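Q: I'm new to this one and would like to learn how to read it. Could you walk me through it, feature by feature?

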Amino acid sequence: MKLAVVAVALLLAAGVASADEFDFFYLVQQWPGSFCDTQAGCCFPDTGKPAAEFGIHGLWPNYAKCRPAAAAADDDENVVEMVVDGATVERHHRRRQKCWPEYCNDGNQLRPWEIKDLVAELDANWPTLSCKNDKSFEFWSYEWKKHGTCSGMDQHSYFAAALELKKRHDLAAVLADAGIVPSDEESYFLSSIRDAIAAATGAVPNLECNRDAAGETQLFQVYQCVDRSGKKLVDCELPMQGKCRDKVKLPTF
């Protein structure tokens, strides 16, 4: 009993986040054309070029309001040194904000056999486009370690929940029905994109943009808010600074 109490105390002292400490999920899906049409470019995964549809980036637990984050006593990056009266040096910590839990259990590594029945779906719907690594499993492992361990779900349930949410609404088809189709010439009102997704899904999303190689604004990621069960879409109420302008492109892929 004493050992258990000590263990809990050590976890709290280390600032380990609890899987229960979040308010909603972001289901984040990225448009591959926008990922690739940048100065950095992209690389296809070992399974080949993904389909021209939105791909999952992650299912991220999030706070409804950012919280103060305690700084570690030996964290030099968060220490301010001040000279008082020409001699006295005072050290204190900057106030930091934490807007989501992450890395809730570093020892809980993603195990291939836990998601073996989902691999085909994950390859099709959750591919990596990073040139740093063309192995999708390593991308999934990173997302599990950073975000999934804070979700309150086991490994299989976490990835299955994200796949089910994506399957419910094909975002590329939703936009196409509203006349918003991939094009290297056309631009679309950001409000029209948001309204089309809200009308089709019943929930208002957040949108994030990036810049293409020529510096033009393009739709990059759609953030859909999901309740704590990981099943129901809800309106996204937090404002988001997503580098967007009134009109954006949706480049071909």
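Q: Over which residues does pLDDT stay under 50, with 25 contacts beyond four places in sequence?

A: First, pLDDT is the predictor's confidence in each residue, from 0 to 100. Here it stays under 50 over residues 78-93, and the model has 25 contacts beyond four places in sequence for that stretch; a contact means heavy atoms within 4.5 Å. This is a predicted model, so local features need pLDDT of at least 70 and side-chain atom pairs count only at pLDDT 80 or more, while totals for chains, interfaces and linings use all residues. Residues are numbered from 1 along each chain as its sequence is written, and side-chain values use heavy atoms, with hydrogens and water left out.

Q: What is the mean pLDDT of the protein?

A: The mean is 87, and 82% of the residues reach 70 or more. Residues 1-16 have pLDDT below 50, and beyond near neighbours in sequence that stretch has 2 contacts in the model.

Q: How many helices and strands does the protein have?

A: There are 7 helices and 11 strands. Helices (H or I, at least four residues) and strands (E, at least two) are DSSP runs, numbered from the N terminus. As for contacts with a separation of 6 or more, 73% of them are between residues 24 or more positions apart.

Q: How many salt bridges does a search of the whole structure find?

A: Here's the general idea: side chains of opposite charge can pair when their charged atoms come close. A salt bridge is a side-chain nitrogen of Lys or Arg within 4 Å of a carboxyl oxygen of Asp or Glu. The search finds 6 of them. One joins the side chains of aspartate 46 and lysine 135, at 3.9 Å from N to O. Aspartate 46 sits in the loop between H2 (32-36) and E2 (55-62), and lysine 135 in the loop between H3 (119-125) and H4 (136-146), so this pair ties together parts 89 residues apart in sequence.

Q: Which residue meets lysine 146 in a salt bridge?

A: That's glutamate 102, at 3.9 Å from N to O. Lysine 146 lies in H4 and glutamate 102 in the loop between E6 (96-98) and H3, so the pair ties together parts 44 residues apart in sequence. Lysine 146 is buried at 17% relative accessible area, whereas glutamate 102 is partly exposed at 29%.

Q: Which residues of H4 are buried?

A: Ser136, Phe139, Trp140, Ser141, Glu143, Trp144 and Lys146. What covers them includes E2, H3 and H5. Across the protein, buried residues make up 40% of the 253 residues.

Q: At what angle do H4 and H5 pack?

A: Two packed helices are described by the angle between their axes and the distance between the axes. Axes are lines fitted to C-alpha atoms, for helices over the stretch in contact, and angles run from 0 to 180 degrees between N-to-C directions. H4 and H5 (residues 155-168) pack at about 105°, with their axes 11 Å apart. They are therefore roughly perpendicular, a label for 65 to 115 degrees (under 35 is roughly parallel, over 145 roughly antiparallel, and the rest oblique). Trp140, Glu143 and Trp144 of H4 make the contact with Gln155, Tyr158 and Phe159 of H5.

Methods
Buried means under 20% relative accessible area, exposed over 50%, partly exposed in between (1.4 Å probe, protein chains only).
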